[in-house]
Amino acid sequence: MSDLIEIRDLKKIYSAGEEPVAALDGVSLTIDNGEFVAIMGASGSGKSTMLNILGCLDVPTSGSYLLDGIEVARRSRRELAVIRNRKLGFVFQNFNLLPRTSAIENVELPDVYLGRLSHAQRRKRAKDLLERVGLGGRGTHTPAELSGGQQQRVAIARALMNEPPVLFADEPTGNLDTKSSVEIMNLFTELSNEGITIVMVTHEDDIAAYAKRHLVMRDGRLIKDDRRQ
Amino acid sequence: MNLIMIFKVALLAIARNKARSLLTCLGIIVGIAAVIAVLAIGKGASTMMVKEISSMGNNLVMVFPERGRRDAVSAGMGQGQTMTAGDAMAIKRELSHLVSAVSPTVNVTCQMVYQGKNWQSRVSGVSTDMPAIRNWDVGEGRFFSEDEELTYQRVCVIGTTVKANLFGEDDDPIGRTIRIKGMPFKVVGVLEPKGANGWGQDQDDTVMAPYTTVGRVLLRSTFKAINMMNLSLHSMDDLDEAKREITALLRQRHRLADYQDDDFETRDTTEIMNTIGSVSSLMTILLTAVAAISLLVGGIGIMNIMLVSVTERIKEIGLRMAIGATPVNILGQFILEAIVLSTVGGAIGVAVGVGGAKLIGEIQNWPILIEWSSATGAFLFSSFVGLFFGFYPAYRASKLNPIDCLRYE
């Protein structure tokens, strides 16, 4: 398998207070295509910073980050936006769907910015994706009319819209009950089996158990890299 | 992301908050509507005044004696005693190459009686040239003749208002004798109705009689002082030359030495038109200033709401950025939203202004003139206001950091 993500000596230093704080203190790591990775750690361990930088939402202070063979550590905001649009999908703890906007339009959104598909193709793909996550009949529902689990499925469908190689999930089950959590994690497992790379941040062991590789962080450093077969 | 999609997103955002969007537009709506309505009424009024003034007469020049003055008290225009009918006749005789018609005019307000009815009106003593000067013909009967003028005949021509007040509907006034200030005058004609002039004065409330008769019978003056002269020029192109020659002739007739001022004044309609023009352009400038201020206020309102909207939708901004909206996409989205708000406000404002002006014109019976160029200008400017005041909030939105937005509580 080829490396999809390769980071070398990544540092992120916040100098807002009196003393600079290193949220990431020299992390190196590679993630292969098709891996299902859980990043774990206590709050303040740097796992969210890690995910933000991996997700091109933030830039590191130093170090290198190759995504799909391209250096992305020092890119402009516009370039990062384009990379996120084409290569990355996001699933958030609080779903982040556009309010008062139908599920199908929420799913279409990434391609609205990419403009790869025609209007009809885009709508068809959004419908197919909703079908894929088990919400076939709910395309016209707005987020307020959907349960938390259903909203998260819409968010996953949206993340898949532009066929990204990587999916980033930040505590995807944090706001869900146990039953919905299991359903969402089963969906992730299916997607992983289809070959999509998933990088997920969580602090719950039973959720992390779905992933095949555990990265544990503490004080901005990687302290454990545990691959399970 | 193409423009149509950005446009759709902006429209959706506005539609989600209908009441607030309308209130935001209100500043623009009121500003544009007020300016368009007032401008339409003002332009209507000044256009009508210009029309009225040009209907005062053909190539009209008026000459007034100097204002009568006793110590510090001015007796008003036309009350001096320096000008006579002889001056008018001299102008007609000697300046015929410039002046086509001249009428000396003496005005006196009198009580007039016919059988049981009486009415107070202005009697103008004029010459037979008057219908040609004022472009005002008799509708029934005839105007008095030059013979009647020369021989001090007690004849008169009455306006329709006077006719209505002295005679019954079925009465034919021609040939009847009315008493003016107790003196019998034979009615020989009725003037065509002319309506109110630009100042609202009823022009039909008048009686015209030979100036000779009026001077002798009604004023009982042996000295033939007149209130004014009305002259018609062959062409307005000769205005300056005509004024110069009239001034020279009158100065000579009045035996004025070089160091003495003119004891008369000439007026022509171009002066009055210029005055109206400058008043109406001053009004336009003032209104433009008011419009600019109200659009400024409306624009600040839009900026305010857009700033609120950016904060309120900060998670949406974060999400859009996370899934691939570039800073330019976000900038465009919010600017377009502001432009749509202000343009819709401008369009509603134009509609309300035009409708309001027409309604007021209908109710008050005022002339209304809608200048579509100023309406279009106001409309386009309102879009510009949206662009200008929408830029700062949109710029702030585009500079936001997606992580901060997504974490914002």
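Which residue stands opposite A:Ile39 in S8(A)? The residue is A:Val201. The model is predicted: local features need pLDDT of at least 70, side-chain atom pairs count only at pLDDT 80 or more, and totals for chains, interfaces and linings use all residues. Residues are numbered from 1 along each chain as its sequence is written, while chains are lettered from A and ligands numbered from 1 in the order in which they are written.

Strands (E, at least two residues) and helices (H or I, at least four) are DSSP runs numbered from the N terminus, and two strands pair if DSSP finds at least two bridges between them. S3 and S8 are part of an open sheet of 6 strands in chain A, with the order S6-S7-S8-S3-S9-S10 and mixed pairing. Strands S6 (88–91) and S10 (221–227) each have a single partner strand and stand at the edges, so one side of each lacks a neighbour in the sheet. On average, neighbouring strands here are turned by 20° against each other, direction ignored.

Chain A also has an open sheet of 4 strands, ordered S2-S1-S4-S5, in which the pairing is antiparallel. Its edges are S2 (21–32) and S5 (70–71); each has a single partner strand, so one side of each is left without a neighbour in the sheet. Within this sheet, S1 (residues 3–14) and S4 (residues 62–67) pair in the antiparallel sense over 5 bridges. A:Arg8 stands opposite A:Ser64 in S4(A).

The contact between the chains takes 20 residues from chain A and 18 residues from chain B, where contact means C-beta atoms, placed from the backbone, within 7 Å. On the chain A side, helices H2 (77–87) and H3 (103–114) each supply at least two residues, and H2(A) gives the largest share, 6 residues.

Chain B is divided into domain 1 (3–52 + 274–407) and domain 2 (101–231), with bounds from an automatic or database domain assignment. Their centres, taken over C-alpha atoms, are separated by 57 Å.

Also in chain B, the axes of helix H2 (residues 18–54) and helix H12 (residues 372–398) come within 10 Å and cross at roughly 165°. Axes are lines fitted to C-alpha atoms, for helices over the stretch in contact, with angles from 0 to 180 degrees between N-to-C directions. H2(B) is therefore roughly antiparallel to H12(B), a term for angles over 145 degrees. B:Ile28, B:Ile32, B:Val35, B:Ile36 and B:Leu39 in H2(B) meet B:Ser374, B:Ala375, B:Ala378, B:Ser382 and B:Val385 in H12(B).

Terms used:
Contact = placed C-beta atoms within 7 Å. Parallel < 35°, antiparallel > 145°, perpendicular 65-115°, else oblique.
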